[in-house]
Amino acid sequence: MKKYDVVIIGAGPAGLAAAVSAREEDASVLVIEREARPGGILKQCIHDGFGLIRYREKLSGCEYASREILKTRESGAEIQTLSFVSRITKLEKGFVLLLSSRHGMSNIFARSLILATGCRERTARQVAVHGTRPAGVLTAGTAQYYLNVLGQLPGKRCVILGSGDIGLIMARRLTLEGAEVLGVYEAKSEPGGLSRNLYQCLEDFDIPLHLSTTVLEVHGKERVQGVTLVKVDENLTPLPGTEEDLSCDALILSVGLIPENELAQNLGAVIDPVTKGPVADEDGMTSVPGLFSCGNAYHVSDLADYVSESGERAGRAAAVWTPGNIPSTLPVTAEKNLLYVVPQGIRRQPQEKIVFYFRCSRTLQGAILRVRLGENEILQKHYDILRPAEIEKVILNLSGKDLCSCERLTFSLEEL
Amino acid sequence: MKKLTCIICPRGCRLEAQEIDGDILVKGHACPKGEAFAKSELTHPMRCLTTSVKTCFPELPWLPVRTGKDIAKEDIPRILREIRRYRLEKEVHCGDILIENVAGSGSPLIATLECCADSLARKE
(Lines give C-alpha, C1' and ligand atoms only; values in the text may rest on other atoms or scores of the structure.)
Protein backbone atom coordinates (compact mmCIF):
# COMPACT_ATOMS: atom_id res chain seq x y z
CA MET A 1 0.00 0.00 0.00
CA LYS A 2 1.39 3.41 -1.00
CA LYS A 3 1.76 5.79 1.94
CA TYR A 4 1.65 9.57 2.01
CA ASP A 5 1.90 12.16 4.75
CA VAL A 6 -0.91 14.16 3.17
CA VAL A 7 -3.56 13.06 0.68
CA ILE A 8 -5.80 15.72 -0.84
CA ILE A 9 -9.09 14.93 -2.55
CA GLY A 10 -9.85 17.45 -5.29
CA ALA A 11 -7.47 19.38 -7.58
CA GLY A 12 -9.36 22.65 -7.72
CA PRO A 13 -7.88 25.87 -6.32
CA ALA A 14 -8.24 24.71 -2.68
CA GLY A 15 -6.63 21.32 -3.23
CA LEU A 16 -3.76 22.69 -5.33
CA ALA A 17 -2.91 25.41 -2.80
CA ALA A 18 -3.05 22.81 -0.02
CA ALA A 19 -0.64 20.59 -1.97
CA VAL A 20 1.91 23.38 -2.42
CA SER A 21 1.89 24.44 1.23
CA ALA A 22 2.08 20.83 2.45
CA ARG A 23 5.12 20.32 0.18
CA GLU A 24 6.70 23.43 1.67
CA GLU A 25 6.63 21.57 4.99
CA ASP A 26 8.38 18.63 3.26
CA ALA A 27 5.40 16.31 3.46
CA SER A 28 4.86 13.66 0.80
CA VAL A 29 1.70 14.71 -1.02
CA LEU A 30 -0.80 13.07 -3.34
CA VAL A 31 -3.68 14.99 -4.94
CA ILE A 32 -6.54 12.84 -6.23
CA GLU A 33 -8.74 14.27 -8.99
CA ARG A 34 -11.66 12.54 -10.68
CA GLU A 35 -11.53 14.62 -13.86
CA ALA A 36 -8.90 14.34 -16.61
CA ARG A 37 -7.25 17.67 -15.80
CA PRO A 38 -6.57 19.57 -12.60
CA GLY A 39 -8.08 23.02 -12.07
CA GLY A 40 -11.59 22.18 -10.89
CA ILE A 41 -14.39 24.52 -11.89
CA LEU A 42 -11.85 27.20 -12.86
CA LYS A 43 -11.35 25.27 -16.10
CA GLN A 44 -14.67 26.62 -17.36
CA CYS A 45 -14.38 30.10 -15.80
CA ILE A 46 -13.11 32.02 -18.81
CA HIS A 47 -14.22 35.38 -17.35
CA ASP A 48 -11.82 37.74 -15.62
CA GLY A 49 -11.71 39.04 -12.06
CA PHE A 50 -9.67 36.26 -10.46
CA GLY A 51 -6.37 36.74 -8.63
CA LEU A 52 -6.75 40.39 -7.59
CA ILE A 53 -5.92 39.48 -3.99
CA ARG A 54 -3.55 36.56 -4.53
CA TYR A 55 -1.57 37.89 -7.49
CA ARG A 56 -2.52 41.58 -7.53
CA GLU A 57 -3.45 41.06 -11.15
CA LYS A 58 -6.72 40.63 -12.98
CA LEU A 59 -6.75 37.11 -14.40
CA SER A 60 -9.34 34.87 -15.98
CA GLY A 61 -10.28 31.71 -14.07
CA CYS A 62 -8.30 29.60 -16.55
CA GLU A 63 -5.18 31.74 -16.12
CA TYR A 64 -5.52 31.57 -12.35
CA ALA A 65 -5.81 27.77 -12.55
CA SER A 66 -2.77 27.58 -14.88
CA ARG A 67 -0.64 29.35 -12.29
CA GLU A 68 -1.85 27.14 -9.46
CA ILE A 69 -1.26 23.97 -11.51
CA LEU A 70 2.26 25.09 -12.44
CA LYS A 71 3.11 25.83 -8.79
CA THR A 72 1.78 22.42 -7.76
CA ARG A 73 3.85 20.61 -10.38
CA GLU A 74 6.96 22.54 -9.36
CA SER A 75 6.34 21.70 -5.69
CA GLY A 76 6.80 18.00 -6.40
CA ALA A 77 3.32 17.00 -5.26
CA GLU A 78 1.88 14.06 -7.19
CA ILE A 79 -1.41 14.63 -9.00
CA GLN A 80 -3.40 11.55 -9.95
CA THR A 81 -6.27 12.37 -12.31
CA LEU A 82 -9.19 10.23 -13.50
CA SER A 83 -9.32 8.71 -10.03
CA PHE A 84 -12.15 8.49 -7.59
CA VAL A 85 -12.17 7.82 -3.85
CA SER A 86 -15.03 5.47 -3.12
CA ARG A 87 -14.41 4.64 0.53
CA ILE A 88 -12.35 5.97 3.42
CA THR A 89 -11.56 4.03 6.60
CA LYS A 90 -10.30 5.84 9.66
CA LEU A 91 -7.48 4.10 11.51
CA GLU A 92 -5.75 5.11 14.70
CA LYS A 93 -2.81 6.69 12.88
CA GLY A 94 -4.39 7.81 9.63
CA PHE A 95 -6.80 6.93 6.85
CA VAL A 96 -7.02 4.20 4.22
CA LEU A 97 -8.57 5.33 0.95
CA LEU A 98 -10.07 2.95 -1.58
CA LEU A 99 -9.22 4.44 -4.95
CA SER A 100 -10.78 3.61 -8.29
CA SER A 101 -8.71 4.58 -11.32
CA ARG A 102 -7.73 3.33 -14.79
CA HIS A 103 -5.33 0.95 -13.06
CA GLY A 104 -8.19 -0.66 -11.14
CA MET A 105 -8.89 -0.52 -7.43
CA SER A 106 -6.13 0.21 -4.95
CA ASN A 107 -5.63 1.25 -1.33
CA ILE A 108 -3.68 4.30 -0.24
CA PHE A 109 -2.64 5.28 3.26
CA ALA A 110 -2.78 8.93 4.35
CA ARG A 111 -1.45 10.20 7.68
CA SER A 112 -3.66 13.26 7.28
CA LEU A 113 -6.43 13.80 4.79
CA ILE A 114 -7.66 17.04 3.22
CA LEU A 115 -11.10 17.22 1.65
CA ALA A 116 -11.07 19.86 -1.09
CA THR A 117 -14.13 18.55 -2.87
CA GLY A 118 -15.75 21.91 -3.62
CA CYS A 119 -19.48 22.46 -3.81
CA ARG A 120 -22.45 21.49 -5.95
CA GLU A 121 -25.16 23.63 -7.48
CA ARG A 122 -28.73 23.48 -6.26
CA THR A 123 -31.05 22.10 -8.91
CA ALA A 124 -34.59 23.00 -10.02
CA ARG A 125 -36.14 20.32 -7.81
CA GLN A 126 -34.31 21.67 -4.77
CA VAL A 127 -35.96 25.08 -5.15
CA ALA A 128 -39.49 23.81 -5.79
CA VAL A 129 -39.80 24.57 -9.48
CA HIS A 130 -42.75 22.48 -10.67
CA GLY A 131 -44.01 21.34 -14.05
CA THR A 132 -42.57 19.10 -16.73
CA ARG A 133 -38.97 17.94 -17.14
CA PRO A 134 -38.05 18.95 -20.66
CA ALA A 135 -34.57 19.54 -22.09
CA GLY A 136 -33.35 23.08 -21.53
CA VAL A 137 -33.54 23.28 -17.74
CA LEU A 138 -29.96 23.47 -16.51
CA THR A 139 -27.82 24.91 -13.77
CA ALA A 140 -25.68 27.96 -14.54
CA GLY A 141 -22.52 25.87 -14.12
CA THR A 142 -23.74 23.33 -16.67
CA ALA A 143 -24.66 26.13 -19.07
CA GLN A 144 -21.16 27.52 -18.52
CA TYR A 145 -19.61 24.15 -19.35
CA TYR A 146 -21.70 23.81 -22.55
CA LEU A 147 -20.83 27.29 -23.73
CA ASN A 148 -17.22 27.72 -22.62
CA VAL A 149 -15.83 24.21 -22.96
CA LEU A 150 -18.03 22.59 -25.62
CA GLY A 151 -18.86 25.77 -27.55
CA GLN A 152 -22.61 25.00 -27.52
CA LEU A 153 -25.25 27.65 -26.88
CA PRO A 154 -27.69 26.12 -24.36
CA GLY A 155 -30.65 28.22 -25.55
CA LYS A 156 -31.63 31.21 -27.66
CA ARG A 157 -34.27 32.74 -25.37
CA CYS A 158 -33.09 32.24 -21.81
CA VAL A 159 -34.69 32.89 -18.44
CA ILE A 160 -32.30 32.93 -15.50
CA LEU A 161 -33.65 32.01 -12.09
CA GLY A 162 -31.53 33.21 -9.18
CA SER A 163 -29.05 36.06 -9.05
CA GLY A 164 -25.98 34.17 -7.83
CA ASP A 165 -22.68 35.15 -9.40
CA ILE A 166 -22.55 32.29 -11.91
CA GLY A 167 -26.03 33.25 -13.13
CA LEU A 168 -24.97 36.86 -13.61
CA ILE A 169 -21.76 35.84 -15.37
CA MET A 170 -23.79 33.54 -17.63
CA ALA A 171 -26.32 36.28 -18.40
CA ARG A 172 -23.47 38.32 -19.89
CA ARG A 173 -21.82 35.34 -21.56
CA LEU A 174 -25.05 34.16 -23.22
CA THR A 175 -25.77 37.69 -24.44
CA LEU A 176 -22.28 38.07 -25.90
CA GLU A 177 -22.67 34.76 -27.75
CA GLY A 178 -25.94 35.79 -29.33
CA ALA A 179 -28.67 34.46 -27.02
CA GLU A 180 -31.41 36.68 -25.69
CA VAL A 181 -31.54 36.79 -21.90
CA LEU A 182 -35.11 37.78 -21.08
CA GLY A 183 -34.42 38.51 -17.46
CA VAL A 184 -32.88 37.40 -14.19
CA TYR A 185 -35.54 36.47 -11.61
CA GLU A 186 -34.74 36.40 -7.90
CA ALA A 187 -37.16 35.09 -5.29
CA LYS A 188 -35.53 37.07 -2.50
CA SER A 189 -36.00 40.80 -2.16
CA GLU A 190 -32.24 41.36 -2.52
CA PRO A 191 -29.94 40.32 -5.34
CA GLY A 192 -27.56 37.43 -4.67
CA GLY A 193 -24.32 38.14 -6.52
CA LEU A 194 -21.45 40.56 -6.06
CA SER A 195 -22.35 44.20 -6.73
CA ARG A 196 -19.73 44.46 -9.45
CA ASN A 197 -21.33 41.55 -11.29
CA LEU A 198 -24.78 43.12 -11.11
CA TYR A 199 -23.22 46.17 -12.72
CA GLN A 200 -20.96 44.69 -15.37
CA CYS A 201 -23.07 41.65 -16.29
CA LEU A 202 -26.63 42.99 -16.15
CA GLU A 203 -26.59 46.79 -16.38
CA ASP A 204 -23.98 46.78 -19.17
CA PHE A 205 -26.33 44.73 -21.34
CA ASP A 206 -29.69 46.14 -20.15
CA ILE A 207 -30.72 42.74 -18.76
CA PRO A 208 -33.60 43.28 -16.31
CA LEU A 209 -33.38 41.97 -12.74
CA HIS A 210 -36.77 41.13 -11.18
CA LEU A 211 -36.67 40.76 -7.41
CA SER A 212 -39.28 38.90 -5.32
CA THR A 213 -40.19 36.88 -8.39
CA THR A 214 -39.68 33.19 -9.02
CA VAL A 215 -40.44 30.46 -11.53
CA LEU A 216 -43.51 28.51 -10.46
CA GLU A 217 -43.72 26.05 -13.31
CA VAL A 218 -41.84 24.87 -16.38
CA HIS A 219 -43.77 24.14 -19.60
CA GLY A 220 -42.84 21.99 -22.58
CA LYS A 221 -42.65 18.30 -23.34
CA GLU A 222 -39.43 17.66 -25.25
CA ARG A 223 -37.95 21.14 -24.94
CA VAL A 224 -38.71 24.04 -22.61
CA GLN A 225 -41.42 26.17 -24.21
CA GLY A 226 -41.94 28.61 -21.42
CA VAL A 227 -42.20 29.24 -17.70
CA THR A 228 -44.83 30.62 -15.36
CA LEU A 229 -43.42 33.41 -13.22
CA VAL A 230 -44.97 34.48 -9.95
CA LYS A 231 -44.38 37.23 -7.42
CA VAL A 232 -43.57 36.05 -3.90
CA ASP A 233 -43.83 37.63 -0.47
CA GLU A 234 -40.94 37.96 2.01
CA ASN A 235 -41.45 34.33 3.09
CA LEU A 236 -41.04 33.34 -0.58
CA THR A 237 -44.71 32.26 -0.72
CA PRO A 238 -46.27 32.79 -4.19
CA LEU A 239 -48.86 35.58 -4.35
CA PRO A 240 -51.98 34.24 -6.13
CA GLY A 241 -53.08 36.25 -9.14
CA THR A 242 -49.56 37.47 -10.01
CA GLU A 243 -48.75 34.55 -12.34
CA GLU A 244 -47.40 35.45 -15.75
CA ASP A 245 -46.36 33.17 -18.63
CA LEU A 246 -43.17 33.82 -20.52
CA SER A 247 -42.07 31.89 -23.58
CA CYS A 248 -38.43 30.76 -23.58
CA ASP A 249 -36.32 27.78 -24.65
CA ALA A 250 -33.99 27.56 -21.66
CA LEU A 251 -34.28 27.99 -17.92
CA ILE A 252 -30.93 28.51 -16.23
CA LEU A 253 -30.63 28.21 -12.47
CA SER A 254 -28.26 30.04 -10.21
CA VAL A 255 -29.91 29.31 -6.90
CA GLY A 256 -27.11 28.53 -4.53
CA LEU A 257 -24.18 26.25 -3.86
CA ILE A 258 -23.93 23.50 -1.28
CA PRO A 259 -20.56 22.24 0.02
CA GLU A 260 -19.95 18.65 -1.04
CA ASN A 261 -19.32 16.63 2.10
CA GLU A 262 -20.47 13.07 1.63
CA LEU A 263 -16.98 11.79 2.48
CA ALA A 264 -16.68 14.00 5.57
CA GLN A 265 -20.10 12.89 6.81
CA ASN A 266 -19.27 9.24 6.27
CA LEU A 267 -16.21 9.75 8.47
CA GLY A 268 -18.41 11.20 11.19
CA ALA A 269 -17.33 14.86 10.87
CA VAL A 270 -19.76 17.24 12.56
CA ILE A 271 -21.50 19.37 9.89
CA ASP A 272 -22.50 22.99 10.52
CA PRO A 273 -26.21 23.31 9.63
CA VAL A 274 -25.69 26.90 8.39
CA THR A 275 -22.56 26.60 6.23
CA LYS A 276 -23.40 22.96 5.30
CA GLY A 277 -19.67 22.28 5.61
CA PRO A 278 -17.79 20.61 8.47
CA VAL A 279 -17.22 22.39 11.76
CA ALA A 280 -13.48 23.20 11.77
CA ASP A 281 -10.74 25.18 13.49
CA GLU A 282 -8.55 27.91 11.99
CA ASP A 283 -6.44 25.28 10.22
CA GLY A 284 -9.47 23.61 8.74
CA MET A 285 -9.22 20.56 11.01
CA THR A 286 -12.65 19.01 11.44
CA SER A 287 -14.05 17.20 14.46
CA VAL A 288 -12.29 14.07 13.14
CA PRO A 289 -8.61 14.36 14.14
CA GLY A 290 -6.37 14.44 11.06
CA LEU A 291 -9.25 15.20 8.69
CA PHE A 292 -9.07 18.69 7.18
CA SER A 293 -11.52 20.65 5.07
CA CYS A 294 -10.83 23.67 2.88
CA GLY A 295 -12.17 25.81 0.05
CA ASN A 296 -15.81 25.61 -0.96
CA ALA A 297 -16.19 22.20 0.67
CA TYR A 298 -15.68 23.99 3.98
CA HIS A 299 -17.90 27.00 3.29
CA VAL A 300 -18.85 28.64 -0.01
CA SER A 301 -16.64 31.64 -0.76
CA ASP A 302 -17.24 34.42 -3.30
CA LEU A 303 -13.65 34.44 -4.49
CA ALA A 304 -11.19 31.80 -5.68
CA ASP A 305 -8.49 33.84 -3.92
CA TYR A 306 -10.07 33.07 -0.53
CA VAL A 307 -10.45 29.43 -1.51
CA SER A 308 -6.71 29.18 -2.24
CA GLU A 309 -5.93 30.90 1.04
CA SER A 310 -7.96 28.35 3.00
CA GLY A 311 -6.27 25.52 1.10
CA GLU A 312 -2.86 26.91 2.01
CA ARG A 313 -3.68 26.91 5.70
CA ALA A 314 -5.10 23.39 5.65
CA GLY A 315 -2.12 22.08 3.68
CA ARG A 316 0.43 23.49 6.10
CA ALA A 317 -1.48 22.24 9.15
CA ALA A 318 -2.10 18.78 7.70
CA ALA A 319 1.63 18.43 6.91
CA VAL A 320 2.74 19.14 10.47
CA TRP A 321 -0.10 17.36 12.27
CA THR A 322 0.85 14.24 14.17
CA PRO A 323 -1.69 11.56 15.10
CA GLY A 324 -2.79 11.80 18.69
CA ASN A 325 -2.43 15.57 18.79
CA ILE A 326 -5.96 16.77 19.54
CA PRO A 327 -5.87 20.43 20.52
CA SER A 328 -8.41 22.02 22.82
CA THR A 329 -10.54 24.57 20.96
CA LEU A 330 -12.24 27.79 21.93
CA PRO A 331 -15.71 27.98 20.35
CA VAL A 332 -16.43 30.91 18.02
CA THR A 333 -20.03 32.06 17.90
CA ALA A 334 -21.95 34.29 15.50
CA GLU A 335 -24.53 36.50 17.17
CA LYS A 336 -26.68 39.46 16.11
CA ASN A 337 -27.07 40.09 12.35
CA LEU A 338 -24.59 37.40 11.42
CA LEU A 339 -25.41 34.40 9.28
CA TYR A 340 -22.16 32.66 10.14
CA VAL A 341 -18.53 33.09 11.15
CA VAL A 342 -15.80 30.62 10.27
CA PRO A 343 -13.78 28.99 11.69
CA GLN A 344 -16.30 27.70 14.22
CA GLY A 345 -13.53 27.26 16.78
CA ILE A 346 -9.87 28.17 17.31
CA ARG A 347 -7.04 26.48 19.16
CA ARG A 348 -6.46 27.80 22.64
CA GLN A 349 -2.97 28.97 21.66
CA PRO A 350 -2.41 32.71 21.27
CA GLN A 351 -1.48 33.51 17.65
CA GLU A 352 -0.62 36.72 15.89
CA LYS A 353 -2.82 36.24 12.87
CA ILE A 354 -6.04 34.30 12.67
CA VAL A 355 -8.22 34.78 9.59
CA PHE A 356 -12.00 34.80 10.00
CA TYR A 357 -14.70 35.12 7.36
CA PHE A 358 -18.26 36.17 8.06
CA ARG A 359 -21.52 36.77 6.25
CA CYS A 360 -24.22 39.08 7.57
CA SER A 361 -27.79 37.79 7.68
CA ARG A 362 -29.31 40.83 5.93
CA THR A 363 -28.17 43.99 4.19
CA LEU A 364 -26.88 46.57 6.67
CA GLN A 365 -26.30 50.18 5.66
CA GLY A 366 -23.57 50.99 8.13
CA ALA A 367 -22.56 48.51 10.81
CA ILE A 368 -19.98 47.89 13.49
CA LEU A 369 -18.47 44.46 13.90
CA ARG A 370 -17.73 43.72 17.54
CA VAL A 371 -15.56 40.80 18.60
CA ARG A 372 -15.54 39.75 22.24
CA LEU A 373 -13.15 37.35 23.93
CA GLY A 374 -15.17 36.22 26.91
CA GLU A 375 -16.53 39.53 28.23
CA ASN A 376 -13.78 41.74 26.78
CA GLU A 377 -14.24 43.48 23.47
CA ILE A 378 -11.06 42.99 21.44
CA LEU A 379 -12.07 44.43 18.07
CA GLN A 380 -14.41 47.02 16.62
CA LYS A 381 -14.59 47.51 12.90
CA HIS A 382 -16.78 49.85 10.92
CA TYR A 383 -18.45 48.93 7.60
CA ASP A 384 -20.31 51.34 5.30
CA ILE A 385 -22.41 48.58 3.84
CA LEU A 386 -22.67 44.82 4.34
CA ARG A 387 -24.59 42.43 2.08
CA PRO A 388 -25.21 38.72 2.73
CA ALA A 389 -23.99 38.00 -0.80
CA GLU A 390 -20.55 39.36 -0.03
CA ILE A 391 -18.28 37.57 2.39
CA GLU A 392 -16.03 39.65 4.64
CA LYS A 393 -12.60 38.75 5.89
CA VAL A 394 -11.24 39.94 9.22
CA ILE A 395 -7.88 39.16 10.82
CA LEU A 396 -7.49 38.98 14.59
CA ASN A 397 -4.27 39.28 16.54
CA LEU A 398 -4.63 37.13 19.63
CA SER A 399 -1.01 37.15 20.75
CA GLY A 400 -0.70 37.73 24.47
CA LYS A 401 -4.38 36.93 25.03
CA ASP A 402 -5.53 34.39 27.55
CA LEU A 403 -7.54 31.91 25.51
CA CYS A 404 -7.71 29.24 28.19
CA SER A 405 -9.89 30.81 30.85
CA CYS A 406 -12.64 32.25 28.64
CA GLU A 407 -15.59 30.36 27.27
CA ARG A 408 -15.94 31.70 23.76
CA LEU A 409 -15.04 34.22 21.08
CA THR A 410 -18.16 36.07 19.98
CA PHE A 411 -18.84 38.05 16.80
CA SER A 412 -21.80 40.39 16.45
CA LEU A 413 -22.87 43.18 14.11
CA GLU A 414 -24.46 46.33 15.36
CA GLU A 415 -26.51 48.25 12.84
CA LEU A 416 -25.89 51.99 12.75
CA MET B 1 -25.40 62.63 -10.67
CA LYS B 2 -24.71 59.09 -11.80
CA LYS B 3 -24.66 56.02 -9.55
CA LEU B 4 -22.03 53.44 -10.44
CA THR B 5 -20.51 50.30 -8.99
CA CYS B 6 -16.76 50.03 -9.22
CA ILE B 7 -15.75 46.82 -11.01
CA ILE B 8 -11.99 47.09 -10.41
CA CYS B 9 -11.94 44.76 -7.39
CA PRO B 10 -14.40 42.49 -5.52
CA ARG B 11 -15.06 45.18 -2.91
CA GLY B 12 -17.48 46.76 -5.42
CA CYS B 13 -17.60 50.30 -4.03
CA ARG B 14 -20.82 52.21 -4.73
CA LEU B 15 -19.79 55.39 -6.46
CA GLU B 16 -21.54 58.64 -7.17
CA ALA B 17 -20.12 60.71 -10.00
CA GLN B 18 -21.18 64.20 -10.93
CA GLU B 19 -19.96 66.52 -13.64
CA ILE B 20 -19.40 70.05 -12.34
CA ASP B 21 -17.96 72.73 -14.65
CA GLY B 22 -16.25 70.18 -16.85
CA ASP B 23 -14.76 68.41 -13.86
CA ILE B 24 -15.97 65.04 -12.58
CA LEU B 25 -16.50 64.81 -8.84
CA VAL B 26 -16.47 61.25 -7.46
CA LYS B 27 -17.72 60.07 -4.09
CA GLY B 28 -17.75 56.65 -2.40
CA HIS B 29 -14.45 55.25 -3.65
CA ALA B 30 -12.09 53.51 -1.24
CA CYS B 31 -9.02 53.95 -3.45
CA PRO B 32 -7.75 56.12 -6.33
CA LYS B 33 -8.56 53.34 -8.81
CA GLY B 34 -12.24 53.81 -8.01
CA GLU B 35 -12.06 57.51 -8.78
CA ALA B 36 -10.30 56.83 -12.08
CA PHE B 37 -12.88 54.16 -12.90
CA ALA B 38 -15.79 56.56 -12.34
CA LYS B 39 -14.19 59.22 -14.52
CA SER B 40 -13.55 56.73 -17.29
CA GLU B 41 -17.09 55.37 -16.93
CA LEU B 42 -18.59 58.81 -17.56
CA THR B 43 -16.35 59.66 -20.50
CA HIS B 44 -15.20 56.45 -22.22
CA PRO B 45 -16.28 53.22 -20.44
CA MET B 46 -13.71 50.43 -20.81
CA ARG B 47 -14.08 46.68 -20.29
CA CYS B 48 -12.03 43.52 -20.47
CA LEU B 49 -13.63 41.20 -23.03
CA THR B 50 -13.40 37.45 -22.44
CA THR B 51 -14.67 34.83 -24.86
CA SER B 52 -13.41 31.74 -26.68
CA VAL B 53 -12.12 30.98 -30.20
CA LYS B 54 -12.61 27.88 -32.32
CA THR B 55 -9.54 25.68 -32.65
CA CYS B 56 -8.52 22.85 -35.00
CA PHE B 57 -7.77 20.57 -32.04
CA PRO B 58 -10.44 17.99 -31.19
CA GLU B 59 -9.03 17.69 -27.64
CA LEU B 60 -9.67 21.40 -27.08
CA PRO B 61 -12.29 22.60 -29.60
CA TRP B 62 -12.57 26.04 -28.01
CA LEU B 63 -9.73 28.07 -26.52
CA PRO B 64 -10.55 30.74 -23.92
CA VAL B 65 -9.20 34.19 -24.75
CA ARG B 66 -9.33 37.74 -23.45
CA THR B 67 -8.30 41.19 -24.50
CA GLY B 68 -4.86 41.94 -23.09
CA LYS B 69 -5.97 45.46 -22.23
CA ASP B 70 -9.36 46.94 -21.50
CA ILE B 71 -11.20 47.96 -24.67
CA ALA B 72 -13.94 50.53 -25.29
CA LYS B 73 -17.29 49.10 -24.17
CA GLU B 74 -19.00 50.29 -27.35
CA ASP B 75 -16.51 48.31 -29.47
CA ILE B 76 -17.48 44.96 -27.92
CA PRO B 77 -19.88 43.84 -30.72
CA ARG B 78 -17.38 44.76 -33.45
CA ILE B 79 -14.47 43.02 -31.68
CA LEU B 80 -16.61 39.93 -31.10
CA ARG B 81 -17.42 39.74 -34.83
CA GLU B 82 -13.71 39.66 -35.66
CA ILE B 83 -12.98 37.10 -32.94
CA ARG B 84 -15.74 34.82 -34.30
CA ARG B 85 -14.04 34.74 -37.70
CA TYR B 86 -10.76 33.60 -36.14
CA ARG B 87 -9.76 29.94 -35.99
CA LEU B 88 -6.71 28.76 -34.08
CA GLU B 89 -4.56 26.52 -36.29
CA LYS B 90 -1.38 26.31 -34.21
CA GLU B 91 -0.34 25.46 -30.69
CA VAL B 92 -0.18 28.35 -28.24
CA HIS B 93 0.72 28.89 -24.62
CA CYS B 94 -1.29 30.67 -21.95
CA GLY B 95 -0.56 34.39 -22.41
CA ASP B 96 0.42 34.16 -26.12
CA ILE B 97 -0.92 36.83 -28.45
CA LEU B 98 -3.35 35.49 -31.09
CA ILE B 99 -4.23 38.81 -32.76
CA GLU B 100 -2.01 41.88 -32.29
CA ASN B 101 -4.54 44.69 -32.50
CA VAL B 102 -7.92 43.02 -32.45
CA ALA B 103 -10.45 44.91 -34.62
CA GLY B 104 -8.35 48.05 -34.28
CA SER B 105 -9.15 48.24 -30.57
CA GLY B 106 -5.55 48.90 -29.55
CA SER B 107 -5.51 45.69 -27.51
CA PRO B 108 -4.09 42.29 -28.34
CA LEU B 109 -6.19 39.15 -28.03
CA ILE B 110 -4.43 36.66 -25.78
CA ALA B 111 -4.86 32.96 -25.02
CA THR B 112 -5.80 32.26 -21.40
CA LEU B 113 -5.14 28.51 -21.48
CA GLU B 114 -2.30 26.25 -22.58
CA CYS B 115 -2.96 24.72 -25.97
CA CYS B 116 0.09 22.63 -26.87
CA ALA B 117 0.83 18.94 -27.51
CA ASP B 118 1.97 18.52 -23.93
CA SER B 119 -1.14 20.00 -22.35
CA LEU B 120 -3.55 18.49 -24.88
CA ALA B 121 -2.26 14.96 -24.38
CA ARG B 122 -1.51 15.23 -20.69
CA LYS B 123 -3.53 12.83 -18.65
CA GLU B 124 -1.77 11.95 -15.41
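**Figure 1. Salt bridges across the interface of chain A and chain B.** In this predicted model, 5 salt bridges are found across the interface of chain A and chain B. One of the residue pairs that meet in a salt bridge is A:E63 with B:R66, at 2.7 Å from N to O between their side chains. On the side of chain A that touches chain B, the elements giving two or more residues are α2, α3 (140–149), α4 (165–176) and α5 (195–202) of chain A.

**Figure 2. Extent and composition of the contact between chain A and chain B.** Chain A contributes 32 residues to the contact, and chain B contributes 37 residues. Between them the two chains bury about 3,000 Å², with 48% of this area on carbon and sulfur atoms. Residue pairs in polar contact between chain A and chain B number 12, counting pairs with both residues at pLDDT 80 or more. The side of chain A that touches chain B comprises 12 nonpolar, 8 polar and 12 charged residues.

**Figure 3. Helix α2 of chain A.** The helix spans residues 61–75, 15 residues in total. From its first C-alpha to its last, α2(A) reaches 21 Å, close to the 21 Å expected at 1.5 Å a residue. Buried residues of α2(A) include A:G61, A:C62, A:E63, A:Y64, A:A65 and A:S66. Further along the helix, A:E68, A:I69, A:T72 and A:S75 are also buried. In an α-helix, residues three or four places apart point the same way, because there are 3.6 residues a turn. Just after α2(A), A:G76 adopts a positive phi of about 90°.

Technical notes. Residues are numbered from 1 along each chain as its sequence is written. Chains are lettered from A and ligands numbered from 1 in the order in which they are written. This is a predicted model: local features need pLDDT of at least 70, side-chain atom pairs count only at pLDDT 80 or more; totals for chains, interfaces and linings use all residues. Side-chain values use heavy atoms; hydrogens and water are left out. Helices (H or I, at least four residues) and strands (E, at least two) are DSSP runs, numbered from the N terminus. The expected span of a helix is 1.5 Å times one less than its number of residues. Buried means under 20% relative accessible area, exposed over 50%, partly exposed in between (1.4 Å probe, protein chains only). Contact means heavy atoms within 4.5 Å. Buried area is the accessible area (1.4 Å probe) that two parts lose on being put together, summed over both. A salt bridge is a side-chain nitrogen of Lys or Arg within 4 Å of a carboxyl oxygen of Asp or Glu. A polar contact is a pair of N or O atoms within 3.5 Å; within protein, one must be able to donate a hydrogen and the other to accept it, and residues adjacent in sequence count only if both atoms are side-chain atoms. Ala, Val, Leu, Ile, Met, Phe, Trp, Tyr, Cys and Pro count as nonpolar, Asp, Glu, Lys and Arg as charged, and the others, Gly among them, as polar.
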